[in-house]
Amino acid sequence: MPAQHLLYVVEPGTRNYVEYGGVGILVFDIDNGYKFVKRIPTWSVPAGKEPENVKGVVASAKTGKIYVSSLNRMIAIDAVSGKKIWDKTYEGGCDRMAISPDGKTLYVPQLEGPNWHVVDASNGNVTATIETKSGSHNTIWSADGEHVYLAGLKSNLLSVADPKTNKVVSTVGPFENVIRPFTVNGSNSLVFVNVNRLLGFEVGDLKTGKKLYHVEVEGYKQGPVKRHGCPSHGIALTPDEKELWVADCANSAIHIFDATVMPPKQMQSIKARDCVGWLSFSMDGKVVYSSTGEVFDTATKKLVAALTDEAGRMVQSEKLLDMTIAKGKVVAAGNQFGVGAKTQ
């Protein structure tokens, strides 16, 4: 049996809006036109209650597990069978976490709190705490395992932690405003950040800690946004790092920049069906996943799929990633962040 290429989309992944795919992990067959395959249960919602917002998703090819965080808790699930491994609540809640390359450790931000929890991925237990007092929010673990990047909603500095000591060893910035979504290149030399009040992004040097560039989207005006209170809430590098894709909620657009030059140069824009609040790429870089539930071809910039669930509902989510399954095992797992993959 050939390997399966599957897209895992976690709901409710746009706030707690169940109209965009309900509750659970929706699995789509990438090689079969993104056809709906199955729904993996996460948390049951008591009658008369609202579901919790999903805050993040990570997966490990080493362990075959997928992890989902909500406002208060995190769950570990076998990505193939759908079996729940563990389900834990955390002091101060949870936000968008990251997993180590070996699949053994999670860095889990509190919900806009002062700390990140260091969590044993096998059982969900907290083993250490890192205090940044930054409004802990978004987390990226470098592909080489050497750095964890910690961005808070209350700080214009990016913290860099050493996972060997679980200590913050440096900062990058200050940026013009507090950091929202961000991404890093594969060689751990550059960071690209969205910040409040900016339709565009800024670039920082991960080696020196200095801010390098301020880039504004040209030809479009900032307007009222549906979510996040931030004009650009979503930024992703193609795995080959040739392009940088930037979200624009007010204009329901994605702006594409040439990232082979610095500062990156605006090339073109494409229209989406709704507010774009997150962007990430497939592992092979052939397509970009928009939070609008649309899949765009990276090369042609054309729409190739618009996700719908088993009831025919339009699917939207800011929490998704792709995986490859072969012989009943996860052999490769993507990233909820659009991180670069060039190591040189």
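## A buried glutamine

A polar contact is a pair of N or O atoms within 3.5 Å; within protein, one must be able to donate a hydrogen and the other to accept it, and residues adjacent in sequence count only if both atoms are side-chain atoms. Keep that in mind for Gln336, whose side chain reaches the backbone oxygen of Met97 at 2.9 Å and the backbone nitrogen of Val57 at 3.1 Å.

This is a predicted model, where local features need pLDDT of at least 70, side-chain atom pairs count only at pLDDT 80 or more, and totals for chains, interfaces and linings use all residues. Residues are numbered from 1 along each chain as its sequence is written, and side-chain values use heavy atoms, with hydrogens and water left out.

Is Gln336 buried or exposed? With a relative accessible area of 1%, Gln336 is buried (under 20% relative accessible area; exposed is over 50%, partly exposed in between, with a 1.4 Å probe and protein chains only). Leaving aside residues up to four places away in sequence, Gln336 touches several residues (heavy atoms within 4.5 Å), among them Gly56, Arg96, Trp278 and Leu320.

## The disulfide

There's 1 disulfide here, meaning a pair of cysteine sulfur atoms within 2.5 Å. Cys249 and Cys275 form it, with their sulfur atoms 2.0 Å apart. The torsion about their S-S bond is about -115°, so the disulfide is left-handed. Both Cys249 and Cys275 are buried.

## Other cysteines

What about Cys230? Its closest cysteine sulfur, in Cys249, is 9.2 Å away, too far for a bond. Cys230 is buried, at 1% relative accessible area, and Cys94 counts as buried at 0%.
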